[in-house]
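Let's take a look inside a protein. Have the sequence and the 3D view ready, and we'll go from what is packed together to where gaps are left.

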Amino acid sequence: MEIWYSDNHTDNVNFSIRINRQLFSAKSEFQRIDILESVDYGKILVSDGDLVFTEKDEFIYHEMITHVPMAVHPNVKKVLVIGGGDGGVVRELVKYSDIEKIDVVEPDEVLVEVCSEYFPEIAGSLQDKRVSVFYEDGLRFIRSKTDEYDLIIIDSPNPFGPGEGLFTKEFYGNCYNALRDDGIMINQNECPFYEEEAYQCQRMHNKIVKTFPICKVYQAFIPSYPSGHWLFGFASKHYHPIKDLNKVEWYMKGIGTKYYQPKIHAGVFALPVYVEELLKNVE
C-alpha cells in the first residue's frame, strides 16, 4: 500500500510526496506537529498539515535567509531569531565566530524538543553556548527591546493564524526600534506565484517599506515550497544589500555552504518582471 503526503498549495494545486512511514505525531499548545519519512525528500517536518521543511532542500531556505545579510553587514555581534525553533537558521549563524550572542524566540517548546530528537543535525545548533532560547511570543518579546541587535531574522510561519501578529506594522516598527543604527532585518516573504500568497507578499512589503529606509526583496528556488519560487525581504537602516556586499571578507571567513555564495548575491535581487510589478503596486 502506497502512502502519500500532500501539501496544499492552492485549492486546485497539491504537492505530493511518497511517504515510507509516519515517525511522530502530536498536538502541542500551538500546533499539530508531524514528522514523516519520505522516499526522495528524507524526513519532513509538518505543522498543522503544512510542510515546514524537508531534509532534502531545507539548506536552501536556511542559507538564504542567513548568509545574505551576513555577507552585507560587516560587524554582526548580536542576532535575534524570531521563530526558528527547528534550529536551521541558528545552524547557519553559529558558523560565524564573530557572532557573540544569538537570541531565539520560539513559543512552542514541543517543536524544539521534537526537532532535537528527529533533526539533531539541525536542531543541535541550539546547544551552542552563544544561543539563548526564549519560549515566548515574538511580538511581546520585541516590544521591550531598543537598540540591541545588529541583525533580526524573522523565521516565521504563514502570515495567518497564530503567527499573524508577526506581520503587522506594529511588529516591524518594534523590530526597527530593536535594531542598532546600522541594523538589518530579514523576513521570509512567501511565494509570489499563487494569487493568495502573492497578496501576502504585497501586504508584508507594503508595511516594511513604510518602516525602513532601505527595502529590497530577493529570491531563491526551493523545490518543496509552493511553486518553488520563494521570496525574502531585506530591510536595513543603513546597508544596501548589493552596494555594501563584502565579497572578499565573506570568502575569507571560510563559511561552508551548499547554496549561497557571493557570486549569486546580486543575482538573487534581480527579480522577474511579474514580481517587480507585484511589489511596485504597493510601494
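Two residues are in contact when they have heavy atoms within 4.5 Å of each other. Keep that in mind as you look around this model, which is predicted.

Start with helix 6, which covers residues 169-178. Its buried residues are F171, Y172, G173, N174, C175 and A178. What do the buried residues of helix 6 pack against? The partners are strand 6 (78-83), helix 5 (138-142), strand 9 (149-155), strand 10 (179-188) and helix 7.

In soluble globular proteins, nonpolar side chains tend to be buried together. Here, the largest nonpolar core has 62 residues, and M64, L93, L151, Y218 and F232 touch the most other members. Helix 1 (residues 58-70) gives this core its largest share, seven residues. Where does the core sit? Domain 1 (3-54) and domain 2 (58-254 + 272-280) both give residues to it, so it lies between them.

Zoom in on F232. Leaving aside neighbours within four places in sequence, F232 is in contact with Y61, M64, I65, N187, Q188, N189, K216, V217, Y218, A220 and I222. There is also a second, separate core of 22 residues, with L139, F171, C175 and M204 among them.

## Q202 on helix 7

Now find Q202, which lies in helix 7. Is Q202 buried or exposed? Its relative accessible area is 17%, and buried means under 20%, so Q202 counts as buried. Not counting residues up to four places away in sequence, Q202 touches L278, N281 and V282.

## A pocket and a cavity

Rolling a probe the size of a water molecule over the atoms shows where empty space is left. The second largest pocket has a volume of about 280 Å³. Its lining is made of H205, V209, C215, K216, V217, F269, L271, E276, L279, K280 and E283. Helix 7 (195-209), strand 11 (214-221) and helix 10 (273-280) each supply at least two of the lining residues. Sorted by class, the lining has six nonpolar, one polar and four charged residues.

How many cavities of 30 Å³ or more are there? The count comes to one. About 40 Å³ of space lies in the largest cavity, and its lining is N189, H205, I208, C215, K216, V217, G233 and F234. Strand 11 supplies the largest share of that lining, three residues, while helix 7 and strand 12 (229-236) each give at least two. The cavity lining divides into four nonpolar, three polar and one charged residue.

Conventions: Residues numbered from 1 in each chain as written. Predicted model: local features only at pLDDT ≥ 70, side-chain atom pairs only at ≥ 80, totals over all residues. Heavy atoms only, no water. Core = buried A, V, L, I, M, F, W, Y, C linked by side-chain atoms within 4.5 Å. Buried < 20%, exposed > 50% of the residue type's maximum accessible area, 1.4 Å probe, protein only. Helix = DSSP H or I, 4+ residues; strand = E, 2+ residues; numbered from the N terminus. Domains from an automatic or database assignment. 1 Å grid on protein atoms, 1.4 Å probe; cavity = no way out; pocket = protein on both sides within 12 Å on 5 of 7 lines; lining within 4 Å. Points joined across faces, edges and corners; volume = space filled by probe spheres on them. Nonpolar A, V, L, I, M, F, W, Y, C, P; charged D, E, K, R; others polar.
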